[in-house]
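Biologist: I am new to this structure. Could you show it to me and take my questions one by one?

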Amino acid sequence: MSAVRFAVIGWMVGEALRAQTSAPISDPAPLPYPPVRVEFGGYGEGFTNGGGWWRGADAAIWLRKSRRFVPGFTFDNRTSEAGSQQYFSLFSYANWSSSFYTTQGISGSTHSANGVTLFPRFRYDLKAWWKIPPRRGVIPGLGFTRFTFGGRNQGDIINPGVLYYRGSFVVDTEGFLNRSQPGALWSGSGLFAIQQGQEGKHWIAITFGGGRQVYRALSTVPLEARLTSLSVDASYRHWVSRNFGFVFAAGYQNSVHNYERISISGHLFFEF
């Protein structure tokens, strides 16, 4: 199996293991703004080591009217040098009390005619959060993720984390304990993110991530890969008016001695 294919598999495993760090961090309770948000845009990702240029278009709709259940639906169409694949997901916040809520999601990809794999074949996530009284500004959480790329290539993620709200700032720290198959191989990673702003005006965020990916690639002879990765991502969301705005994001990842990745994205959103 070539170094380029290892780089691509390693990046896909990393995508499955890490949170969507470029997304804004926000309290799940519905806000006093228009209850429906529609967002769409495009992105590009350039890889060194012969990985090529990946690009895609995605869209999302959020329904925030209910104070107990806030669902979101997303679609992603990604293209690489090898072909294209589509990814669908349902994600939601469920508020069970004034101090306890959960986030959950289920997602899956289509079967590509040429056999290209750009997303997990299936994935589900569940995470519980507790707002520590009396101020409820510190919110620890514990999550679990299960994903598969098909066949024996699958894994689990245990994800503890803490959110901290202070004025217009939100700080997020996350850890990821990853178990991949085949081989029951364990690895770990983490991230630190800080965000500043206010809903309806702007959000600016920066995320630092790092850790170790361990997986076993199946070919004629199974070969174990151990990759160390460091990343930084930044995003800016701005409301031009009450009902319209834009988002720009960029990121850099260094999978040490394997590849580097630069990503950019742009989106428009409408609220009504």
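Modeller: Two terms come first. Strands (E, at least two residues) are DSSP runs, numbered from the N terminus, as are helices (H or I, at least four residues). Two strands pair if DSSP finds at least two bridges between them. This is a predicted model, where local features need pLDDT of at least 70, side-chain atom pairs count only at pLDDT 80 or more, and totals for chains, interfaces and linings use all residues. Residues are numbered from 1 along each chain as its sequence is written, and side-chain values use heavy atoms, without hydrogens and water.

Biologist: In the hairpin of β9 and β10, which residue takes a positive phi near 105°?

Modeller: Strands β9 and β10 run antiparallel and are joined by 12 bridges. Between the strands of this hairpin lie 3 residues. The one with a positive phi near 105° is Gly 183.

Biologist: Which residue in β10 is the bridge partner of Gly 175?

Modeller: β9 covers residues 169–181 and β10 covers 185–198. The two are antiparallel. The partner of Gly 175 in β10 is Gly 190.

Biologist: How many bridges join strand β8 to β9?

Modeller: β8 spans residues 153–166 and runs antiparallel to β9. Their hairpin has 2 residues between the strands, and Gly 167 in the turn has a positive phi of about 60°. The number of bridges joining β8 to β9 is 11.

Biologist: Is Ala 184 buried, partly exposed or exposed?

Modeller: Ala 184 sits in the loop between β9 and β10. Its phi is positive, about 50°, although it is not a glycine. Buried means under 20% relative accessible area, exposed over 50%, and partly exposed in between (1.4 Å probe, protein chains only). At 30%, Ala 184 is partly exposed.

Biologist: What is the relative accessible area of Asn 49?

Modeller: Asn 49 is found in the loop between β1 and β2 (52–63). It is not a glycine, yet it has a positive phi of about 60°. Asn 49 is partly exposed, with a relative accessible area of 36%.

Biologist: Which residue does a cis peptide bond join to Gln 181?

Modeller: The omega of this bond is about 5°. The residue wanted lies in the loop between β9 and β10. It is Pro 182.

Biologist: How many aromatic pairs does a search of the whole structure find?

Modeller: Rings of Phe, Tyr and Trp (its six-membered ring) pair if their centres lie within 6.5 Å; planes under 30 degrees apart count as stacked, over 60 as edge-to-face and the rest as tilted. With that rule, the search of the whole structure finds 16.

Biologist: Why is the pair of Phe 47 and Tyr 259 classed as it is?

Modeller: The ring centres are 5.8 Å apart. The planes meet at 55°, so the pair is tilted.

Biologist: How many residues apart in sequence are the parts that this pair of Phe 47 and Tyr 259 ties together?

Modeller: Both residues, Phe 47 and Tyr 259, are buried. Phe 47 lies in strand β1 (residues 36–47), and Tyr 259 lies in strand β14 (residues 259–271). The separation in sequence is 212 residues.

Biologist: What is the angle between the planes of Tyr 87 and Phe 119?

Modeller: Tyr 87 is buried at 14%, and Phe 119 is buried at 5%. Their ring centres are 4.7 Å apart, and the pair is stacked. The angle between the planes is 5°.
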